[in-house]
Amino acid sequence: MSANVPLAPAPEAPPEIRAAQEERLRKVWTTPSGWRYWTSVNNTEIGLWYGAAAFIFMLFAGLLGLMVRVQLAVPENTFISADLFNQAFTLHGTIMMFLFAVPIFEAVAIYLLPSMLGTRELPFPRLSAFGFWSFALGGVFVCGSIFFNAAPNTGWFMYPPLATDKEYSGIGADIWLLGLSFIEVASIAAAVELIVGIMKCRAPGMRINLMPLFAWYLLIVAGMILFAFPPLIAGDILFEMERMFDWPFFDAARGGDPLLWQHLFWIFGHPEVYIIFLPAIAIMAMVVPTFSQRPIVGYSWIVLAAVGTGFLSFGLWVHHMFATGLPQMSLAFFSAASEAVAIPTGVQIFVFIATMLAGRVIFSVPMLFGAGGLAIFIIGGLTGVMVALVPFDWQAHDTYFIVAHLHYVLIGGMLFPVVAGIYYYYPLLDGKKLSDRLGKIAFWLMFTGFNTAFFPMHFAGLRGMPRRVFTYPADVGWDWFNMISTIGAFIFAAGVGLVVIDVVRPKKKQPRCPENPWNAGTLEFIGSPDEKWGVRSVPVIHSRYPVWDQKDLVENISAGRYFLPDSQSGQRETLVTTVLDARPVQCLRVGGTSVVTIVAALSLGGVFIALTFHWWLVTIACAVITLGAILYWLWTGTATIPESDDYDVGMGVRLPVYASGPDSVGWWAMFITMVGDGTAYASLIFGYFFYWTIHDDFTGGHAGPGVFWPMVALTLFVIAWGAMLAARSLNAHDRPRLTQAALGVAALLSLGGCAAGLAGPFAYEMDPTLYVYPAIVWVVAIWTVVHGAVGIIMQLYCLARSLTGRMTARYDMDIDNVVLYWHFMVITAVTSFGVLGLFPLVR
Amino acid sequence: MVVGGAIIWALVVGLLLYAGHARREPITARKASWLILGGGVAFPVIVLFCLLAYAVWLMPQIRPFMPALMDNKPQIEATGEQFWWRLRYLDDGGNTAFETANELRLPVGERTTFRLKAADVIHSFWIPSLGGKMDMIPGRDNVLSLEPTKTGVYRAPCAEFCGTSHALMAFSVIVMERPDFDAWRQSRIEAAAMPQPAHPGRDLFFRHGCAACHTIAGTPAIGRIGPDLTRIGERQTIAAGTLANTKDNIARFIREPDAIKPGVEMPAFGMLPDGDIEAIAAWLGGLK
């Protein structure tokens, strides 16, 4: 199915043909005007909105940080009340982590990746839009809570039993749990989009070892999101069940354990740090070669180091729990792993230094922010090495030393590189550069302000000042450090303010800078900010720095001499290539402007918001609308049978428009989503066995679901899976009636499986509020049954597609993807009902 | 470690600045790779290995392993409550010898073993001058041992965020010579058998229901909800490290505990006549 890639560009078309091509492309990729502008799904629009929203949330959280600093400026201050202080620091951390640090990179990636990879769009633009609207709504909901004195007030880590105490945390904890679960959905959507985009939508010839480093980093980070966020989602489910229905997962009196939350939270929380940090390094990995005017030294070293960091980051979480009384053997292990992660980090820093040394450096504002960020980050790294040592951490844990450490890491390792990125990439927006002078002033304000604010915190911490205190006594030697910190915080804020001013100041009169103003070697600067089509034609790439190495590349691209110079179908098209060596395999038609994404995101938001307030009817109504919107979206926008299966993509190459199985992006998206889903499920099963390990009799004397019903459920789901395999095979042999019959049988069997799955715990009258064992059994059963129900919807969807002739032997993407879902489903069902039914017998 | 860190920082940032300097000859790619290997891999591996080895060697010295602790029975059971500390001195059989709150006395030069519990939410037990912290987690008993080396008075704040007044939850630690400690311990054990003399404040204490929550040895007050107030007059602070121990402060706290310590469980008694509150405060302040 794949074509060999011609290396030479096609001959140049006559000017009138080119003008007609451009006209068609412009029409296809146009962004609507008026209110419909907001229905746009272009990666440049979504990326921009996403980034702007994340930045605004950051400024809001920054104000909360200033509030905290004012309160702590002098001892025994009464500027804000204890409760407002607790809301402010909780929201500060929560917003910075969930609404700024992670989304800003999804934003940057959505904005930059297509052009960087030399392609038109990411594979699922509507999914990006859905993610953005979910994020925006969830963010406003979480931030807004503080104006109603209803913000979460238990710290961003939400430790139970404080956070499960309804009297203390009120509705705030629900807002945290549900609002952020909603945003996590958006993050996972973005991760799916980025992974599939990077693996399947590169320019032809851009083999995986030629990818820009930014793409490598984002691929790693998206993979990490896929494994890091689901444990938190699983934790959120347990947490919300305890808050809403009094299921005692974290209540020690009824067999629960507060430490389970800490494990799940930090299995998410530590990789989170690297999810934030790696993309910032990715920006540096683009900035440094440009300003050294040479390729990066040690490309494979830095990629290996990034992969290594990604892996190691999942083995460190216990270093947030050194003081919880875990056995010292495990502390020593996690201490060693925490030290080890310094090594790949060091490699990455030295790759930058070596690249600079091997080139001639042009010191500009982006480099200034990059180098300043590194100088700050290295201090954070060194204090990180200190706190990774258990004896030191016993002393420093939960003190201002940690506050200093984490801000050195995150501001040095993330915020400064982001500002470097803003100065570096701003010309992409409207062809104008930001001001060098303002940039330099802003840098020095931020740099000195930051160090003034956070360096003294090391000393305050070593002198015994704990974190998260709204006040402190006057006579214990912390007052001067705090006063200096507060002053520094305001200087730092002034620097950030100056960056904001530089970005938003009107630039009408400012002359345009040349295209590719920094003479970068990668592709992201070659598109024009005036055109929405991304690249004029999709080039053939055979270098890591094609703009430097491939002669006349930019001219040939703009002359339309490469792939897809035209849109004959009147639809948005981009190329799909193979994962490793980027041979083109398909011309993908991506979704265009649509309102369905907004409807789906807002109604899903409605589900989470209504749950917060326990408005059950509204919840159900919103859920039905969400389901309807998603089905409409899929029915009208995906797996459409094309007018012809053989399409001219230019350069004398013809490609299919429809692909299914591993060739298609949809199959990959399903696979990746299910890996994330499986991780959340594994976390729940981890919870089941965690309770088993901490109790002598983990049933607590309560009845289990028996053996009979779980085994019935297991059997029915396995047969349903078999029926799905049969349906796929029958469909492939062009037997639509039998396919439909098999799908119908499979749906009935699944329905039986769902009923039997719930019948076990129901028949034995397991009351989940009495003890943790019945509660965890119910949760695992419900999780499986909900997935079974989704499976039924998918089966009926395939049935409907087949009945309406939208799914045939050749055009079989729907059933292919649904069978893939069922592979995961059958693993889930066998594990769930096997564990629930049989494990109580063998333990 | 700090000096080492400072040197490494200076070296790396110096190298960074030098690299950013325009007027110099670019180095070869080969040299650059050696730099990555040396600076990014070899050097940190050696330094980190040494640091880790030292830390792992240190761990059991600071905190003897669990089996070793089993012979060394806890002498004190500390329970974190919102927002104060219940402290029980245990006898050799592990039973409570006496209970006190928010002020700990320890003998110098000896290892004392603590059993740490939490009554409501997670707290963390930390005496910064004596050693590292250990969390107090509902449903789990943690063990910690500390060996003070100098006599003196130390402040010990709660180190895990535990609610509205987390900042106002501390206790004081008085490290004393062994004979002084023994004398104090003995007198506390005997306090239960020594009836407290009559006092107008004593009568008011009972009339206004204070005894429902508080215990005072030598009186019929055996409330278990709030802190034990036996000999509260000899403590350094009141309200878990929040206020200096003066008669006025005791009266203030009785009048409006919530204003001093937001989220506190104790109800305000501002509706009592001033004279009553002052009498109670005077009596409590005099319990030594």
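In this predicted model, strand S5 (residues 112-118) of chain B and S8(B) are antiparallel partners, joined over five bridges. Within S8(B), Leu146(B) is the residue that stands opposite Thr112(B).

Both strands belong to an open sheet of five strands in chain B, ordered S3-S2-S1-S5-S8 and mixed in its pairing. Its edges are formed by S3 and strand S8 (142-146) of chain B, each of which pairs on one side only. From one strand to the next, the twist averages 25°.

**Domains of chain B**

The domain assignment divides chain B into three parts, listed below.

| Domain of chain B | Residues |
|---|---|
| Domain 1 | 2-62 |
| Domain 2 | 72-185 |
| Domain 3 | 200-285 |

Between the C-alpha centres of domain 2 of chain B and domain 3 of chain B the distance is 22 Å. Domain 2 of chain B brings 19 residues to the contact, and domain 3 of chain B brings 14 residues. On the side of domain 2 that touches domain 3, the elements giving two or more residues are strand S2 (84-90), strand S3 (96-101), strand S9 (152-157) and strand S10 (170-176) of chain B. By class, the residues of this side of domain 2 are nine nonpolar, seven polar and three charged.

**Contact between the chains**

Chain A has 65 residues in contact with 59 residues of chain B. On the side of chain A that touches chain B, two or more residues come from each of helix H3 (82-116), helix H8 (258-292), helix H10 (328-340), helix H11 (342-358), helix H12 (365-387) and helix H13 (390-396) of chain A. H11(A) gives the most to this side, namely 12 residues. The side of chain A that touches chain B comprises 44 nonpolar, 14 polar and seven charged residues.

**A helix pair in chain A**

Helix H20 (residues 596-612) and helix H21 (residues 616-637) of chain A have axes that come within 8 Å and cross at roughly 155°. Because angles over 145 degrees count as roughly antiparallel, H20(A) is roughly antiparallel to H21(A). The crossing in which H20(A) passes H21(A) is left-handed. Among the residues of H20(A) that make the contact are Val596(A), Ser603(A), Gly606(A) and Leu611(A). H21(A) contributes residues including Val618(A), Cys622(A), Thr626(A) and Trp633(A). The contact of H20(A) with H21(A) contains 15 nonpolar and four polar residues, with no charged residues.

Technical notes:
Residues are numbered from 1 along each chain as its sequence is written. Chains are lettered from A and ligands numbered from 1 in the order in which they are written. This is a predicted model: local features need pLDDT of at least 70, side-chain atom pairs count only at pLDDT 80 or more; totals for chains, interfaces and linings use all residues. Domain bounds come from an automatic or database domain assignment. Two residues are in contact if their C-beta atoms, placed from the backbone, lie within 7 Å. Helices (H or I, at least four residues) and strands (E, at least two) are DSSP runs, numbered from the N terminus. Ala, Val, Leu, Ile, Met, Phe, Trp, Tyr, Cys and Pro count as nonpolar, Asp, Glu, Lys and Arg as charged, and the others, Gly among them, as polar. Axes are lines fitted to C-alpha atoms, for helices over the stretch in contact, and angles run from 0 to 180 degrees between N-to-C directions. Angles under 35 degrees count as roughly parallel, over 145 as roughly antiparallel, 65 to 115 as roughly perpendicular and the rest as oblique. A crossing is left-handed if the near helix is turned anticlockwise from the far one by less than a right angle, and right-handed if clockwise. Two strands pair if DSSP finds at least two bridges between them.
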